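Here is a short tour of a protein model, meant to be read with the structure open beside you. We will go through it region by region.

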Amino acid sequence: MLEEKELRKIAGEQGTPVFVFDLESLRERVAAMRKVANGKYHLCYSIKANPFLIPEMVKLVDKLEVCSPGELAICESLHVPAEMILYSGLNKTEEDIREAMTYGVGVFTAESLKHMRLISAEAVRQNKVVPVLPRLNACTQFGMAKDELLSIIDHPELYPNTEVVGIHYFVGTQRKNTRKQERELAFLKDLLKEIETQHGKKIERVEYGPGLSVSMFDKDDYSDTLAPLKNIQKELEDLGSVCDLTIEMGRFYATYCGSYISKVMDLKSAEGVNYAIIDGGINHINYYGSMMGMNAPVIQHFTNGNGTEKNWCICGSLCSINDIVVRQYDAPLAEGDLLVFNNIGAYSVTEGIYLFLSRTMPKILLRNKENDYIVARDFTESSVLNTPQIEVK
């Protein structure tokens, strides 16, 4: 966590609400993950977790997962090397595939047989041989059934100009019981053996999304935030011994590098409940599993004095009864106090309901080190996006 002096300075000079993503912290975390991996597998960053980290992550990891045409457009505008990109996503159209293939992305996932047909058709049109990772279904809307995957392997002639180079497998996110990942990794190893012995094809690559959990709330365990990765290291090494393995994550990289600075704007009491209104809200702050503020995040409180010790319900600036950030917070709050929400480096920056009520979107800072910040996005008016492009008569 950043220190009070620096956070106060950021709020005073840059204004609030503001996201601060600490690149120094991010670098240290990826380096620590590299040390755990010990060269046994590659690291892939799923940019949906936080696209503002792309310029740094492109230097730290081996691959980037891109899940939409918009995310691809971001990568193109940032000149991300095309060969680093794994182009994923449930709904790929002909136009999406054409744009990605023209850019030269490194590999496509295929979520369905339709995707295989579309990728094949475009590869023929562009006279390219395109590497593909069929995605295996894991009881979610993602990927295809096992028999469909095997049919692709058995009948490559149906998909000219494509090369099945591996398998993509992802189940879910924020999964705290690593025994599930252990079973999945053993399953994938057995599947590769089955495909080689019964279908005559050696699968060279596996892209695996373990969905490792992170700590976000004040009662969580922060003693070793790399423990979920360490706990499955043996199984990762086992799978990595028979294929070229990449683990794909977003939250696990980015969560701990983020802070969100907000200001207490108003204090009031009604019907025995004390309300603190901040200049942000659930349009900016969205912790996975917060359950309408029942789970309290780690908050740094910097007071300007004259606060009254009470139990506060911290609410945002939205005209919605759902805008409860923290339901119970004990502190002597005063107007003008700063509340810094930590462990917010993943998803909140894009996942909030930013267009609701047309409120100003927060500033975003990238911190290289103390007193060295880059404005990745200034305060931005969402009202422009919510204005009808017609004349009122």
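## Helix 4 and its neighbours

In this predicted model, the buried residues of helix 4 pack against helix 3 (54-60), strand 3 (63-66), strand 4 (85-87) and helix 5 (94-103). Which residues of helix 4 are buried? Helix 4 spans residues 69-77, and its buried residues include Glu-71, Leu-72 and Cys-75. These residues cover an arc of only 100° around the axis, which puts them on the same side of helix 4.

If you follow the chain just past helix 4, you reach His-79, which has a positive phi of about 60°.

Now move to helix 1, residues 4-14, where Glu-6, Leu-7, Ile-10, Ala-11 and Gln-14 are the buried residues. Viewed down the axis of helix 1, they fall within an arc of 135°, so they line one face of the helix. The face turned away from that buried side carries the exposed residues Lys-5, Gly-12 and Glu-13.

What do the buried residues of helix 1 pack against? Their partners are strand 1 (18-22), strand 11 (258-270), strand 13 (299-302), strand 16 (338-342), strand 18 (363-369) and strand 19 (372-377). Helix 1 is followed by Gly-15, and the phi of Gly-15 is positive, near 90°.

## Aromatic pairs

Two packed rings can be summed up in a simple way: a pair of aromatic rings is described by the distance of the centres and the angle of the planes. With ring centres within 6.5 Å as the cut-off, the count comes to eight aromatic pairs. In one of them, the rings of Phe-19 and Tyr-260 have centres 4.9 Å apart and planes at 55°, so this pair is tilted. Phe-19 lies in strand 1 and Tyr-260 in strand 11, so the pair ties together parts that are 241 residues apart in sequence. Are these two residues buried or exposed? Phe-19 is buried, with a relative accessible area of 0%, and Tyr-260 is buried with a relative accessible area of 0%. Phe-19 and Tyr-260 also belong to one aromatic cluster with Phe-21 and Phe-341.

Phe-142 and Phe-170 form an edge-to-face pair, 6.1 Å centre to centre with 70° between the planes. Phe-142 sits in the loop between strand 6 (130-136) and helix 7 (146-154), while Phe-170 is in strand 8 (residues 166-170), so this pair ties together parts that are 28 residues apart in sequence. Phe-142 counts as partly exposed, at 22% relative accessibility.

## Helix 8 beside helix 10

How do helix 8 (residues 178-199) and helix 10 (residues 233-240) cross? Their axes come within 9 Å and cross at roughly 10°. Angles under 35 degrees count as roughly parallel, and that makes helix 8 roughly parallel to helix 10.

On the helix 8 side, Glu-182, Leu-185, Leu-188, Lys-189 and Leu-192 make the contact, meeting Glu-235, Leu-236, Asp-238 and Leu-239 of helix 10. The residues of this contact divide into five nonpolar, no polar and four charged.

## An exposed lysine in a loop

Finally, look for Lys-219 in the loop between strand 9 (205-209) and helix 9 (227-231). Lys-219 is exposed, with a relative accessible area of 75%. From C-alpha to C-alpha, Lys-219 and Glu-3 are 21 Å apart in space, and they are 216 residues apart in sequence.

Key: Residues are numbered from 1 along each chain as its sequence is written. This is a predicted model: local features need pLDDT of at least 70, side-chain atom pairs count only at pLDDT 80 or more; totals for chains, interfaces and linings use all residues. Side-chain values use heavy atoms; hydrogens and water are left out. Buried means under 20% relative accessible area, exposed over 50%, partly exposed in between (1.4 Å probe, protein chains only). Helices (H or I, at least four residues) and strands (E, at least two) are DSSP runs, numbered from the N terminus. The arc is that of the directions from the helix axis to the C-beta atoms. Contact means heavy atoms within 4.5 Å. Axes are lines fitted to C-alpha atoms, for helices over the stretch in contact, and angles run from 0 to 180 degrees between N-to-C directions. Angles under 35 degrees count as roughly parallel, over 145 as roughly antiparallel, 65 to 115 as roughly perpendicular and the rest as oblique. Ala, Val, Leu, Ile, Met, Phe, Trp, Tyr, Cys and Pro count as nonpolar, Asp, Glu, Lys and Arg as charged, and the others, Gly among them, as polar. Rings of Phe, Tyr and Trp (its six-membered ring) pair if their centres lie within 6.5 Å; planes under 30 degrees apart count as stacked, over 60 as edge-to-face and the rest as tilted.
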